Amino acid sequence: IEGVIHVLKVQCNLECQPAKPFLKSENSDLQSADIAGVIGISSPHFRGSISICFSESTFLLLISRMLGEEFSEISDELEDGAGELLNMIFGHAKRILNEKGYAIDKAIPTVVRGKGVTVNHISEQGTIVLPFKAEGSGFYMEICTEQRN
């Protein structure tokens, strides 16, 4: 949460507010996503994945703010911005967690784009959804981890 707030403030000059986290289920009322950045995470203690999911309008708001230019559609060049935002958020969180001894490895994000994108994280532990609001727009992160044996 701290990473999202920090990165959007610094990179997009945008204040965002977290909403109440919840466990993802088939009945979850998630906003439709048109683009998502996904990154695998691993450490000696756990492994998992993190995604950040945006509607087209929210992504265009953020990427326009980030690049200082107005965009009206997601191009192939702009879609990398979803991965880059996630990479910066992950980097912020990784630094804090590694200071606490988690030894999280580096990872490379992947971007998925299309109408109504759904990210399925594979774990028996479930997926935590972290919703955010920024200037009337919403987006969310999904975090899924499982302990290493």
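Tutor: Here is a walk around that pocket, with a stop at one of its helices.

First, some housekeeping: this is a predicted model, where local features need pLDDT of at least 70, side-chain atom pairs count only at pLDDT 80 or more, and totals for linings, chains and interfaces use all residues. Residues are numbered from 1 along each chain as its sequence is written, and side-chain values use heavy atoms, with hydrogens and water left out.

The largest pocket has a volume of about 460 Å³ (the space filled by probe spheres set on grid points joined across faces, edges and corners). A pocket here is an open set of points on a 1 Å grid where a 1.4 Å probe fits, with protein on both sides within 12 Å along at least five of seven lines; lining residues have an atom within 4 Å of a point. There are 22 lining residues, and Ile-1, Ile-50, Ala-93, Leu-97 and Ile-143 lie nearest the centre. Two or more residues each come from helix H1 (2-12), strand E4 (46-54), H3 and strand E7 (137-147); helices (at least four residues) and strands (at least two) are DSSP runs, numbered from the N terminus. H3 gives the largest share, 8 residues.

Now follow H3 (residues 76-99) to its packing with H2 (residues 56-67): the angle is about 80°, with the axes 10 Å apart. The axes are lines fitted to C-alpha atoms over the stretch in contact, and angles run from 0 to 180 degrees between N-to-C directions. The two helices are therefore roughly perpendicular (65 to 115 degrees).

Terms used. Parallel < 35°, antiparallel > 145°, perpendicular 65-115°, else oblique.
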